[in-house]
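Morning, everyone. I have one structure to walk through today. Please take a look at it first.

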Amino acid sequence: MTVAELAFQEELAAPQEESQAQAVWRRFRRHRLAMIGLTIAVLLVFACFIGPLLTPFDSNTIRGRDLLLLKDLPPLSTGPDGFHILGTDSLGRDYLTRLLQGGRVSLALAFVVVILTQVVGTIVGGISGYYGGWVDAVLMRIVDFLFTLPSLPIFMVLYVLIPKDAVPGGSITVLALVFITLGWTGSSRLVRGMVLSLKNQEFAEAARAVGASNRRIILRHMIPNAIAPVLVAATLQVGGIVVGEAALSYLGFGVQPPDPSWGNMLQGAQKLILTRPMQVFYPGMTIFLTSLSFNFIGDALRDALDPRGQLSAGH
Amino acid sequence: MTSKDNGTGNLLEIRGLKTYFFTEDGVVKAVDGLDLEVARGETLGVVGESGCGKSVTMFSVMRLVGHPGRVVDGEIMFDGQNLLDLSEREMQQLRGNRISMIFQQPLSSLNPVFRIGDQVAEVFEIHQSISRDEARQKAVEMLRLVGIPDAERRAQAFPHEISGGQAQRVMIAMALSTQPELLIADEPTTALDVTIQAQILDLMRDMRDRSNAAIVFITHDLGVVAEMAERVAVMYAGQIVEYTDVQSIYDRPKHPYTVGLLASIPKLGEKKHRLAVIPGTVPALVDLPPGCRFAGRCIPRVEQELAICTEVDPDLLSVGEDHQVRCWLYHDHPPTGHEAPLATGRADEEAALRWAGTGD
């Protein structure tokens, strides 16, 4: 072989066959806290979605109801015993089952809201950033306005305004709608910023030179390159929605009883705080763990997706 | 103006093109009254330094000039159709299909998050109604054609895993997928080292011979022009100042700017204390002085004490068979009220070529 041929062969052998996703995962794995967070999150999701199917109890069944009625006694909360691992709440319902069932509600709500808000926000941001002009002006003024609104009072007002019966899924769906209405604005700004700098880069020019339509450029070229900060924001938002739902349900503006959610379980455990303090602890703990683990995941994702610290627009 | 005409007229004809940029600091006349022809299958070299408007001209043809720039006047006839009259949708159908463009920085011209095979396939997806798998296969074929070894496997690579030379081959593959009639190459080898440059030029020559596409080759490298072009347009400050076949540019350059450019190329074996340069800098296009745009840097003007050069902008006029120059040294009919400079044929060669004496 000539020297040139040899060098050529080496050039071919050199590059690693690692896809971007594999590279991201490899960098993510190095963050121990995030891996712990990931494990906790996976366990929680698994427990909440599969768990209620495994317990012998239903979240709404009151223990020994018939017996109590016979004796004309109100249902009582009990502490943990062999029968009910975490005891029962003030209405005699198994606490563990309610905790897991509540988790289903809280987590599912968080995931759905996050996915929808991020998708909407990304598309709005992509259009706004790419087209500029009056489209951008109008959309961003709407975003600016929504940002100025104080979220908690607005959530409460919206919640009251939308009738629960008109919507399938009742209070949970209303809650989701409420969160989505205000939640999409964050990622729209993120994506808009990224697209503003991306659209003038040479590969965007090359795509235009090849005859790609605006729609194709936004969807295939702009958004995939802008998606990294959105992924990070999404994971952080999961924790935020869980806490937000807890706050609203605690105040009575969220998931309505008898459906359990971590928020309204906290509310219900309030009056038992002197006799059964652990019943406050359990839902509080799950909210805390969810939020914390997703925060760790989000932090590590930010680093894994962009080791050079260029995630923000304008790099 | 005669040019190689392979039958049914010129493929590209630009007449009186004016592209201005309306900036906060004033109107930048990046292209100011440009006429150009490219016949089918012909290779035209467009030469000039940075900022002379060569890229903007070609972007105007592709109608990719962004805000605050705008084509203000002129017509761009492609295969008999004025491109400036077409809708954006019709232009999108032309781009990448009948007219293709490749850029200076090949690695930046590729989308970093997609594999190169998919990016070549995208051209097929846009312009031909074929399935994704078929497009992928055709893409691999194109990669093979441009000399990427082990094309099937390399198509899975990401842009950050390939070299600049390979990236430019990928861009050429994308540009030639649809067998365009016109290929615009905007300094395709400027960012590559010399050995790779040679390979890419070989590839382009090979592809040109296969497809008979017309090529407009934009460059500031006169060596590349000598290798690739059949005809050459030299641009300065938004205008063409000399327009002729490649042999004449090197044997009989007429415009002082062209002479200066050629004189400034260092020759192997030559011993000098200083390199020859063209004194001065390109004028700011926002605030152009009246008269010839090169006047401020033109040694013959100073030597001959020509007043007309700073008063009236010369037109591009013929000085012989297939050779046009924009210079008062070669006009024998200046507008009335102005002193006739040297008539054609007298001292023009000497005046311009005196340039060669610069530098020691």
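This is a predicted model: local features need pLDDT of at least 70, side-chain atom pairs count only at pLDDT 80 or more; totals for chains, interfaces and linings use all residues.

Chain A first. Its secondary structure comes to 13 helices and 0 strands. Chain A has 315 residues, and 38% of them are buried. Now take contacts in chain A between residues at least 6 apart in sequence. Of these, 72% join residues at least 24 apart.

On to chain B. Here we find an open sheet of 8 strands. The order is 6-7-8-3-9-10-12-11, and the pairing is mixed. Which strands stand at the edges? They are strand 6 (99-102) and strand 11 (317-318) of chain B. Each has a single partner strand, so one side of each is left without a neighbour in the sheet.

Look at one pair inside that order. Strand 10 (residues 239-245) and strand 12 (residues 323-325) of chain B run antiparallel, joined by 3 bridges. Thr244(B) stands opposite His323(B) of strand 12.

Helix 6 (residues 164-176) of chain B lies across strand 6 and strand 7 (182-186) of chain B. Its angle to strand 6 is about 170°.

Last, the contact. Chain A gives 18 residues and chain B gives 26 residues. On the chain A side, helix 1 (3-13), helix 10 (202-209) and helix 11 (214-251) each give two or more residues. Helix 10 of chain A has the largest share, 6 residues. By class, that side has 8 nonpolar, 6 polar and 4 charged residues.

Definitions and conventions:
Residues are numbered from 1 along each chain as its sequence is written. Chains are lettered from A and ligands numbered from 1 in the order in which they are written. Two residues are in contact if their C-beta atoms, placed from the backbone, lie within 7 Å. Helices (H or I, at least four residues) and strands (E, at least two) are DSSP runs, numbered from the N terminus. Ala, Val, Leu, Ile, Met, Phe, Trp, Tyr, Cys and Pro count as nonpolar, Asp, Glu, Lys and Arg as charged, and the others, Gly among them, as polar. A residue is buried if 20 or more other C-beta atoms lie within 10 Å of its own, exposed if 12 or fewer, and partly exposed in between; C-beta atoms are placed from the backbone. Two strands pair if DSSP finds at least two bridges between them. Axes are lines fitted to C-alpha atoms, for helices over the stretch in contact, and angles run from 0 to 180 degrees between N-to-C directions.
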